[in-house]
Amino acid sequence: MNRRNTLPDWQRFATYFLFLLSAAFYLLYFVHLRADFPNFSPWNDWAKSTDEGWYASGAVHQKVLGNWYSPGAFNPAVPMPVWSVLAALWFRVAGFGIVQLRVLALLVFGASMAMLWALVRRHASILMATLAVALILLNPFSYGFQRLAILEPVLVFWMLLCWILARRAALSAWPLYSVVLGMSMTALLLTKSTGLVLLPSVAAYFILCGQQEGSARSLLFRRGVIATAVMAISFGAYQLAMYPYREDSRLLFSVNHGRVHLSIVPRYFMLTLRDGGWIHPVLFPLACLSLVGAAIWLRTLWKSPLFTAAALAAAGYLMFILYHGNLQPRYYLVVAPSISIVLVLTLQLLMDRGPQQSNYRWATVCFAGIMLTTIVTMTVRTLRYITHPQYTFLSATNSIRGVIDSTPSSNRFIVSDLGDEISLFTGLSSICESYAVFPPADLDKMHHPGWFIYLIGTNKTTPMRQYLFTHHSVVEVARYDIFDDPAHHILVLYKVGSQN
């Protein structure tokens, strides 16, 4: 599909309108950054209370503990350092806190939207490129999760950057692009290990762009070898450098070792597709229908390197979600840009064929009508979230900070699964309750925690919790009602006294 350089007046107006609407909504993402994840939404995800702190923990520990590494505690920054490094550098410029971290996440998101626009623009009209971005920015699913400083949006950033660099590497006689591509693929893997399932889409885009533009096979082979070698060497060098911290990596992967048993794969396959509706209950099924149509009637779509790469990225990440069996809404953030690409490239092809064939004309009208209606409903719903912020978690953390400040006799150190998240809101020091390399007794001697915070509904009894309640006098001080999950909405603050 060639780029369209001229547009009818109605398409030009639609492009300007969507661009201005998307830009306005992107700016609105920066409002109420201390607010809760939208309460009473369809997406109940643990990320809203733990993941921001956990996966920026290297930067958080650097600020509140004086060192990026907390010995024996939960250190996700060892196997997944990229976001912590970016956050640490950003904190030096902008200061420390949850607002600063979420601003950084939104800047990364903005860069991703710019790359998405550039990628689609190369393969379709400017209207389709703008529509692809609008389908993300106007979506309430994006508003909820993109404002959280979690790993999935950063993964999307590296994926889109790798696609852009893959095309440059495939067409350029200069090997520098291949080197940068290899480093970017390493960053993709070190952002989150699930980046591995996105690498086939990078390879497909690299090969198909080279073939489409007439690059010699020998050139493609050499550039591919350089990029792969740089990725393997840089990734291997990092693993070697982190070998002394290998127990921290083992801890993280033991936490996420779960997989779906073969006997229930069909059931989880259907659940994975069903939960794709979290992205949007209309857009996700419409994209699946587009892929079916591309396999049967619209086979020309597969000639587009971007369509093929997007389909592979979506399929790869859905396979990870199926394999892992932990159907969390945030995982679908990585799938959303690919869904947007599939939809707009399908619509572009239908619009191109519509004037010549009546059956395509009707398909175009129906497809465009569904997307227009969806954009209107998404806009209204996202505006509702924007105009009704709630601050239950901020209120709780402010109160916790006040209680701890008013009790100077107790050490200001917290043990909690929400500890790193609370550190971002308050600046207090903490370690994670559930996950640690060292036994509880060693961590107790090392940190002498004065406070324990527990979210009711986490039914498991952890070794750290059992140790504190057995070997210390633990007294409940306060309870806080946070978020909207009926099973996990009471936060309890305990004062940890002297040893029994």
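## The second largest pocket

In this predicted model, the lining of the second largest pocket is made up of 17 nonpolar residues, two polar ones and no charged ones, where Ala, Val, Leu, Ile, Met, Phe, Trp, Tyr, Cys and Pro count as nonpolar, Asp, Glu, Lys and Arg as charged, and the others, Gly among them, as polar. A pocket is an open set of points on a 1 Å grid over the protein atoms alone, with protein on both sides within 12 Å along at least five of seven lines, whereas a cavity is a set of points where a 1.4 Å probe fits but cannot get out; lining residues have an atom within 4 Å of a point.

Among the 19 lining residues, Ala14, Leu18, Ala368, Leu372 and Ile375 lie nearest the centre of this pocket. Helix 17 (358–387) supplies at least two lining residues, as do helix 1 (9–28), helix 6 (126–137) and helix 16 (336–353), and the largest share, eight residues, comes from helix 17; helices are DSSP runs (H or I, at least four residues) numbered from the N terminus.

## The largest cavity

The lining of the largest cavity includes Phe109, Ser112, Met113 and Ile136, and by class this lining has eight nonpolar, three polar and no charged residues. Helix 5 provides the largest share, three residues.

## Confidence and conventions

The mean pLDDT (the predictor's confidence in each residue, from 0 to 100) of the protein chain is 93, and 96% of its residues reach 70 or more. Residues are numbered from 1 along each chain as its sequence is written. Local features need pLDDT of at least 70, side-chain atom pairs count only at pLDDT 80 or more, and totals for chains, interfaces and linings use all residues, while side-chain values use heavy atoms, with hydrogens and water left out.
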